[in-house]
Amino acid sequence: MNLDERGLPTAQPATHQAVRLCPFCAAPAHAKFCGSCGRDTTAPRRPCQKCRRMMPSNEPACRHCGATYKSDMRWKVPLIIFLFLLAFVVSFIIAVVS
Amino acid sequence: MARFSDPNVPATAFTPYLEPGEQLRHWAYGVKQPSMLLILPLYLLAILPGAIAVALLTKEYIVGLTDRRFIVLRFKGKNIDVQEVIDYPLNSLPPLKASTGALFTHIKINDPAKPFVAKFHRLGMPGNREHGMAMEAALTGKTA
């Protein structure tokens, strides 16, 4: 294996290059963009919450099952606000009672 | 204290994301907490809800260094339910900073398309510090 000055593997000649597969369609990907599905094979990706197949993080819906992505913030932010309101109400009640 | 008592558990989480013939060399568990500009007001407002809020807003990662890529898995839960996968080919790494202190190894990748920053506590899992330092050395070219 060829190493650069940082000790990391350098790009190999095409004949020796390991087979890369597109993370979205599993087709052999020889370039940044997949020749089969056309998507960026190096893009951040996440599993679909319904069918568990990979989809790019910047796509709002799964191409396979159509399920839309729902962020965890949908329930975390309201929960955090509720906890703070609860804390203020409890501290107010304690202050009044005492 | 440790998030994972068995270091092989996070290692196996990489299996579905490795390419044919790709070898996982080092892996580590890390977190990204919200900004201190958010943590401080949350704690000042109320300590217990602030602590819960910070825990809810903290992102958990396991990162792996293979012979080809630096792979980041954002996950949740004890069973490593992967939420997002980011990978950086080692032969075209973006600018990055990595350092190790007394408790944490910090890795920050300044890629405008897929930025990543996390810190890896030495007690995150058995061998977390050694793996973190080995990755720091490999990514920055320092001698471990």
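These are my notebook entries on the two chains of a predicted model.

**Ground rules.** I number residues from 1 along each chain as its sequence is written, and chains are lettered from A in the order in which they are written. In this predicted model local features need pLDDT of at least 70 and side-chain atom pairs pLDDT 80 or more, while totals for chains, interfaces and linings use all residues.

**Chain A.** I looked up the secondary structure (DSSP runs, with helices H or I of at least four residues and strands E of at least two, numbered from the N terminus) and found one helix and two strands. Along the sequence they follow β-β-α. Next I checked burial (20 or more other C-beta atoms within 10 Å of a residue's own, C-beta atoms being placed from the backbone): 13% of the 98 residues are buried.

**Chain B.** Here I found four helices and seven strands, running α-β-α-α-β-β-β-β-β-β-α from the N terminus. I then looked up the radius of gyration (over C-alpha atoms; the globule rule is 2.2 Å times the number of residues to the power 0.38). Chain B has 15 Å, close to the 15 Å that the rule gives for 144 residues, so chain B is as compact as a globular protein of that length. Of its 144 residues, 28% are buried.

**Where they meet.** I found 23 residues of chain A in contact (C-beta atoms, placed from the backbone, within 7 Å) with 25 residues of chain B. On the chain A side, strand E1 (45-47) and helix H1 (73-97) each supply at least two residues. H1(A) gives the largest share, six residues.

Notes. Two residues are in contact if their C-beta atoms, placed from the backbone, lie within 7 Å. A residue is buried if 20 or more other C-beta atoms lie within 10 Å of its own, exposed if 12 or fewer, and partly exposed in between; C-beta atoms are placed from the backbone.
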